[in-house]
Amino acid sequence: MAAIDEIRLKSVFSEINMPLSDLQISKFSTYSGMLVDKNKVINLTAVTDSEGIIMKHFADSVLPLTMVDIPAGASLIDVGTGAGFPGIPIKIVRDDLALTLLDSLNKRVNFLHDVSDALNFGATCIHSRAEDGARGVLRETFDIAVARAVARLSVLSEYCLPYVKVGGKFLALKGSDCTVEIADAKPIIAKLGGEIADVTEYRLPNGDGRTIVVVEKVRGTPKEYPRRVVK
């Protein structure tokens with residue numbers, strides 16, 4: 001089932017100062033195999049080669065952990081997780097975290113259930129639109145919300161901040177050159193009860209540029225957010 005070069009995986013994670021145990025390597029290998037196999041049936045990812053999975057999915061998902069302090073045992077929700085990024089790689093390297101994976105497509109959620117079972121994660125996998133899930137029992141219950149998506153930061157913030165409890169954080173994993181996007185998002189972030197605490201630009205080992213935006217939840221989110229149609 002293995003779909004990645006485990007020696008290369010170990011080397012890349014050592015390069016980013018996150019050395020992997022044999023068990024973690026095994027879990028990454030199992031996950032990648034399941035990802036590639038399931039991708040033949042449903043569209044999960046356009047990246048299926050070993051190098052691409054290691055760099056663009058696995059390293060990309062976990063490198064922000066070297067820049068942000070997440071307390072032991074924290075609850076983390078990955079909003080719009082898709083095939084499980086960044087939540088599942090984060091859980092592999094931080095097994096202490098209580099992981100919730102939320103996605104709007106039931107076929108993907110079924111895949112996430114299978115991965116959670118295979119890796120003995122005990123993750124909570126929820127089929128819901130982001131704006132619907134944040135209006136129910138999940139609202140303001142998580143220490144950390146994370147999203148790795150192409151949506152603008154203003155949109156991501158409205159989807160994600162309602163899940164975060166006051167005192168928690170929203171971590172937005174973005175590409176490079178986000179200055180204008182971040183400036184545009186500040187007004188809605190303030191309305192949602194958040195403040196941008198940190199913006200860090202960095203590069204993956206292959207040179208691709210990335211940005212992590214850390215938003216602290218300083219006040220409760222007004223009940224009218226998230227809106228049904230986010231603009």
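This report looks at one helix pair and several salt bridges in a predicted model.

## Two helices side by side

Let's start with helix α2, which covers residues 22-39, and helix α5, which covers residues 106-118. Their axes come within 10 Å and cross at roughly 155°. An angle over 145 degrees counts as roughly antiparallel, and α2 and α5 are therefore roughly antiparallel to each other. The crossing of α2 past α5 is right-handed.

Which residues make the contact? On the α2 side they are T30, Y31, M34, L35 and K38, and on the α5 side you will find F111, D114, V115 and A118. Sorted by class, the contact between α2 and α5 has 6 nonpolar residues, 1 polar residue and 2 charged ones.

## Salt bridges across the structure

Next come the charged pairs. Side chains of opposite charge can pair when their charged atoms come close. How many salt bridges does a search of the whole structure find? The count is 11.

One of them brings together the side chains of R210 and D60, at 2.9 Å from N to O. R210 sits in strand β7 (residues 209-217) and D60 in helix α3 (residues 50-62), so this pair ties together parts that are 150 residues apart in sequence. Both R210 and D60 are buried.

The side chains of K217 and E140 meet in a salt bridge of 3.0 Å, N to O.

Are K217 and E140 buried or partly exposed? K217 has a relative accessibility of 2%, so K217 counts as buried. E140 has a relative accessible area of 27% and is partly exposed.

## The pair D95 and K91

Another salt bridge is formed by D95 with K91, where the closest N and O atoms are 3.6 Å apart. Here D95 is partly exposed, with a relative accessible area of 46%. K91 has 7% relative accessibility and therefore counts as buried, since buried means under 20%.

Notes:
Residues numbered from 1 in each chain as written. Predicted model: local features only at pLDDT ≥ 70, side-chain atom pairs only at ≥ 80, totals over all residues. Heavy atoms only, no water. Axes fitted to C-alpha atoms, helices over the stretch in contact; angles between N-to-C directions. Helix = DSSP H or I, 4+ residues; strand = E, 2+ residues; numbered from the N terminus. Parallel < 35°, antiparallel > 145°, perpendicular 65-115°, else oblique. Left-handed = near helix turned anticlockwise from the far one by under 90°. Contact = heavy atoms within 4.5 Å. Nonpolar A, V, L, I, M, F, W, Y, C, P; charged D, E, K, R; others polar. Salt bridge = Lys/Arg side-chain N within 4 Å of Asp/Glu carboxyl O. Buried < 20%, exposed > 50% of the residue type's maximum accessible area, 1.4 Å probe, protein only.
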